[in-house]
Amino acid sequence: MKTVSVCFVCLGNICRSPTAEGVMRHLVDEARLAERILIDSAGTGDWHIGAPPDERAQHAAGQRGYKLAALRGRQIAAADFERFDLLIAMDDKNVAALRQICPPGQRDKIRLLMEFVPEADSRWGGTREVADPYFGGAEGFEQVLDQCEAACRGLIAALRPQLLA
Ligand code: 4NP
């Protein structure tokens, strides 16, 4: 049975990447692909290792039916490039940080989450990034969720042919 493994990556691993992980788990379960698509998340920084997701992220996600409470922060490491097929970053700074620890020949595994939003979806003005909501208000967390929902649907659609091939 073919599988694919993805790790979502942001700065702290307490807002954006756990949200992406929670949304992706939910959609993958719905699509009955939980045994095929393996999902994790991590941060490029080390401040929140072992911490649960930010309360605001948990609350916003919970209102849409995504449970983040069991997730815990961890820091990305070079060894993750061996474990995962795709390391999916939230913004360009995350991409730069991933490139710094990327072993030779593994750069193609680094992608931006927003690459997976279908072109027809013109929300967010064509931005390539999921903005950091940490220092802002509740609307930032809603936008993170909107972007994660659209991109994770696109990601599942992009992975399906590989799983069936
Ligand atoms: P995240 O958000 O990268 O989406 O988890 C942040 C969380 C914490 C910090 C920055 C961004 N921080 O500076 O502690």
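Reader: Let us start with C10: why is this residue called buried?
Author: Buried means under 20% relative accessible area, exposed over 50% and partly exposed in between, with a 1.4 Å probe and protein chains only. C10 has a relative accessible area of 2%, so C10 is buried. Please bear in mind that this is a predicted model, where local features need pLDDT of at least 70, side-chain atom pairs count only at pLDDT 80 or more, and totals for chains, interfaces and linings use all residues. Residues are numbered from 1 along each chain as its sequence is written, and side-chain values use heavy atoms, with hydrogens and water left out.

Reader: Where does C10 sit, and what is in contact with C10?
Author: C10 belongs to strand β1, residues 4-10 (helices are DSSP runs of H or I with at least four residues, strands are runs of E with at least two, numbered from the N terminus). Leaving aside neighbours within four places in sequence, the contacts of C10 include R16, S17, P18 and M90; contact means heavy atoms within 4.5 Å.

Reader: What makes R16 buried, and where is R16 placed?
Author: R16 is in helix α1, residues 16-30. Its relative accessible area is 2%, so R16 counts as buried. Beyond its neighbours within four places in sequence, R16 is in contact with residues including C10, D132 and C148.

Reader: Which residues does the UniProt annotation "active site" cover?
Author: According to the unreviewed UniProt entry, that annotation covers C10, R16 and D132. Such annotations may be inferred rather than shown by experiment. These residues span 123 residues in sequence, yet no two of their C-alpha atoms are more than 8.5 Å apart, so they gather at one spot.

Reader: On to the helices: how do the axes of α2 and α5 cross?
Author: The axes of α2 (residues 55-63) and α5 (residues 138-164) come within 10 Å and cross at roughly 55 degrees. Angles under 35 degrees count as roughly parallel, over 145 as roughly antiparallel, 65 to 115 as roughly perpendicular and the rest as oblique. That is why α2 is called oblique to α5.

Reader: Which residues make this contact?
Author: R56, A57, A60 and A61 of α2 meet F141, E142 and L145 of α5. They divide into five nonpolar, no polar and two charged.

Reader: And C152 in α5, why is C152 called buried?
Author: C152 lies in helix α5, and its relative accessible area is 0%, so C152 is buried. Leaving aside neighbours within four places in sequence, C152 is in contact with F8, A20, V23, M24 and L27.

Methods: Axes fitted to C-alpha atoms, helices over the stretch in contact; angles between N-to-C directions. Nonpolar A, V, L, I, M, F, W, Y, C, P; charged D, E, K, R; others polar.
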